[in-house]
Amino acid sequence: MNKLNNTQGLNIPENYLVTPAYVFFLIHSMQVGVGILGFEKYLVEKAGFDAWISVLIAGGILHIILWMMYRLLQNGGGDIVQIHNSIFGKYIGGLLSLLFCAYYTLLAFTVIITFIEVIKVWVFPGLQVWVFAFVLIWLVYYLVSGGFRVITGICLISVIIGLPILLLKFFPVEAGHTMNIYPMISHDLTDILGATKQSILSFIGLEFLLIYYPFIKQPEKSKKWAHFGIFYTTMLYLISVLVTFVYYSEEQLKQVVWGTISAWKIVEFPFIERFEFVGIAMWLYVILPNICLGLWGATRIPKRVFKIKQKYVVITFCIALYFPAVLLDGRPVIDMVNNLSGQLGTYVLMYIPVLLVLKMISDKVRKRS
Amino acid sequence: MKIKKTFLILLSVLLLTGCLPSKSVEENAIVQIVGYDVGEDERIQGTVSIPQYGKSEDKQAASELYLTVDADSTKDVEVEIQKQSSKPISIGKLAVTLYSKELAETDLGDIVDVLSRDPRLSRNMFLGIVEGSSRELIESGFTQDETTSKHLQGLIENNTRHNFPSTSLHDFLYAYYAEGMDPFLPMLKKRESFVELSGVAFFKKGMLVAEVPDTKIFTFKMLKENFTRGMQDLPFEGGTIMMDNIGSKVDYNISGPMDNPTFDIKISLKAEVNEMAGVDRNASPQLAKEMEDKFVEYFNKETAELISLFKEKGIDPLGIGNFTKTRRKDFDLTKWQGHYADLEVNVIVDVQITEYGIFS
């Protein structure tokens with residue numbers, strides 16, 4: 001666990017770096033989490049069956065934001081903390097960085113409580129949350145204390161384990177009504193943009209690049225992998241959306257809380273009648289990098305701001321996450337936390353262009369003086 | 001360090017397993033079929049059949065235990081049955097749910113809600129309407145070697161591969177919630193020693209409003225979906241011909257303005273004639289042509305009857321409104337429902353008889 005100490009400043013030793021291609025897995029696995037299990041409902045509420053367009057628009061917007069992030073980081077000389085410090089100075093910059101830390105923590109927290117809720121509703125209604133949360137957070141602590149490369153490995157594993165679940169999309173399509181996706185656009189632009197905002201809520205996760213950028217070896221080469229990761233996520237979400245549109249009727253989908261899990265219910269094999277149990281169990285691997293990277297990102301910021309050992313921060317954060325995760329319960333509260341983190345996520349994404357402009361201005365001013 | 005890690009893994013293994021008490025099959029009452037009837041004092045009468053997997057030597061007969069209770073709601077039925085059972089009730093393998101016609105005519109809305117909410121239930125479960133009492137149907141035990149639920153499940157499943165349109169809990173819910181679409185369910189009827197699929201029950205939201213007998217099922221399925229099996233007989237020149245469907249395709253199309261649209265349903269059917277009882281002529285292209293015309297005439301009459309029934313009752317089991325909604329920007333449900341009775345629906349049937357069997 002002493003690996004964490006050596007990453008002082010931004011001269012990160014080469015043995016802690018990851019190759020550019022892994023950025024694909026880092027970006028993609030962070031974007032896909034609990035959101036994909038039930039985001040269709042929110043899209044349909046806004047734009048009906050035209051919401052697939054919104055998913056494409058959202059994907060396009062994310063490509064632009066990613067491009068901005070690379071612009072920001074390439075001549076920012078490090079991560080978000082460095083950029084904040086250089087623009088706003090040590091104190092305001094540090095404060096802003098800590099806001100990012102809070103946001104990252106909230107993301108990790110949202111994933112934990114939402115997944116626990118899914119388990120409680122679908123599999124074990126009488127789940128002893130304190131035991132499960134304890135084991136889960138212990139596992140996360142174990143992985144996070146392994147350092148960034150371990151987390152990257154988890155991301156890779158999660159993408160690979162998630163792949164076979166994609167094949168299951170075949171079953172709902174087979175039982176579905178393909179006429180539902182006839183491209184007749186019956187909603188106006190405001191509805192579609194409203195649904196675009198909703199899809200961005202489930203797309204968030206790429207902003208972690210701001211903190212793990214210094215860990216990428218030859219970062220300029222990782223650009224295409226990052227874009228490829230976002231493209232893959234967009235396609236995945238598009239497929240999920242189209243499949244649920246084919247499988248459910250519009251008013252029915254508005255009432256289904258977890259569209260994707262409910263669609264798994266139709267999958268029946270001779271040896272397993274309830275596939276959703278297997279699906280939910282496998283989904284733990286898909287959400288694990290979400291929590292790990294979330295916690296790692298969150299704890300790295302205090303380390304960089306206050307120059308303290310990350311290990312202590314991780315322990316504190318684990319304990320701080322554990323108690324609310326056990327205590328918070330019930331659909332309304334969890335829905336609220338999800339909406340809150342989604343809202344903050346959109347603000348963070350909107351903050352990036354602002355930051356880029358500020359950075360360009362401050363660079364110019366500095367050159368002149 | 002190493003010891004710490006090993007300890008962590010071991011502890012996780014210990015904590016993650018054995019959290020739940022394990023239950024074996026024999027110790028559970030696995031409900032596979034439930035039937036609901038109208039009970040006394042506005043209550044619901046629920047009947048379940050629980051297969052008994054005992055230690056008895058007699059492995060041939062599938063023994064079942066029937067329990068009947070009166071309850072206030074469908075969920076309450078589960079509670080009441082629990083009171084009568086010596087083993088914990090588990091409903092995860094529920095395969096068939098039956099409602100008596102009497103109950104369905106009042107309203108199935110609340111029941112639908114329960115079915116769509118419970119995560120334990122399979123979406124491939126069959127629902128059915130029973131002419132008469134569902135309790136009697138469940139308790140009659142039709143075959144010696146399989147349980148009632150297996151039998152009924154097989155019966156409905158087999159029929160959906162032939163004359164009956166595909167049906168399941170999911171299909172029912174899809175149509176129930178959709179705009180411009182109404183659900184339908186199979187009707188079951190108990191005869192002296194067997195049970196048969198006697199027709200289709202049509203719903204307006206959760207209420208049973210119309211039914212058609214089994215002779216019209218083929219026509220309904222033809223209007224509803226593409227399929228490759230099923231048979232239809234027809235009187236022809238003093239005898240009967242039996243048509244074996246080998247591929248039926250249906251295509252919807254809407255034209256004209258939304259105030260006064262025209263709906264076209266195009267059906268093209270390929271068939272073989274395998275039985276010509278009492279027809280005293282040799283198979284020839286000429287005869288095939290005559291038979292085709294006769295079938296087209298028959299289907300035109302039947303489809304017109306069905307569609308006028310749907311219009312009269314204000315139901316849309318074909319999902320014409322749902323289809324229009326995906327094709328037209330200015331679809332408005334209340335307007336559509338207002339126009340529905342006057343909607344012009346043209347059914348164009350094309351029958352092609354390709355073979356006459358192996359004997360001329």
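Analyst: A:Q218 sits in the loop of chain A that runs between α9 (209–212) and α10 (223–247). The model is a predicted one. The backbone of A:Q218 has a phi near 45°, a positive value in a residue that is not glycine. A:Q218 counts as partly exposed because its relative accessibility, 38%, falls between the limits of 20% and 50%.

A:Y212 is part of helix α9 of chain A. With a relative accessible area of 0%, A:Y212 is buried. Leaving aside residues up to four places away in sequence, A:Y212 touches A:L26, A:I27, A:F148, A:L293 and A:W296.

A:E276 lies in helix α13 of chain A. A:E276 is buried, with a relative accessible area of 0%. With residues up to four places away in sequence again left out, its contacts are A:W122, A:I261, A:W264, A:K265 and B:P119. One of these partners, B:P119, is in chain B.

Over all chains, the disulfide count is zero. For A:C101, the closest cysteine sulfur is that of A:C318, 13 Å away; a disulfide needs the sulfur atoms within 2.5 Å, so the distance is too far for a bond. A:C101 is buried, at 6% relative accessibility. A:C318 is in no disulfide either, and the cysteine sulfur nearest to it, in A:C292, is 9.4 Å away. A:C318 counts as buried at 8% relative accessibility.

That leaves the interface with chain B. Here 29 residues of chain B are in contact with 29 residues of chain A. The size of an interface is often expressed as the accessible area lost when the parts come together. Between chain B and chain A, about 2900 Å² is buried, and carbon and sulfur atoms give 61% of this area. On the chain B side, B:Y174, B:Y177 and B:R327 supply 21% of the area that chain B buries against chain A, more than any other three residues.

Two salt bridges are found across the interface of chain B and chain A. One salt bridge joins B:K325 to A:E250, with the closest N and O atoms 3.2 Å apart. Polar contacts across the interface of chain B and chain A come to 13 residue pairs, with both residues at pLDDT 80 or more. On the side of chain B that touches chain A, the elements giving two or more residues are α1 (2–16), α7 (169–177) and α10 (320–327) of chain B. Sorted by class, that side of chain B has 14 nonpolar, nine charged and six polar residues.

Note on methods. Residues numbered from 1 in each chain as written. Chains lettered and ligands numbered in written order. Predicted model: local features only at pLDDT ≥ 70, side-chain atom pairs only at ≥ 80, totals over all residues. Heavy atoms only, no water. Helix = DSSP H or I, 4+ residues; strand = E, 2+ residues; numbered from the N terminus. Buried < 20%, exposed > 50% of the residue type's maximum accessible area, 1.4 Å probe, protein only. Contact = heavy atoms within 4.5 Å. Buried area = accessible area lost by both parts, 1.4 Å probe. Salt bridge = Lys/Arg side-chain N within 4 Å of Asp/Glu carboxyl O. Polar contact = N/O pair within 3.5 Å; in protein donor to acceptor, adjacent residues only side chain to side chain. Nonpolar A, V, L, I, M, F, W, Y, C, P; charged D, E, K, R; others polar.
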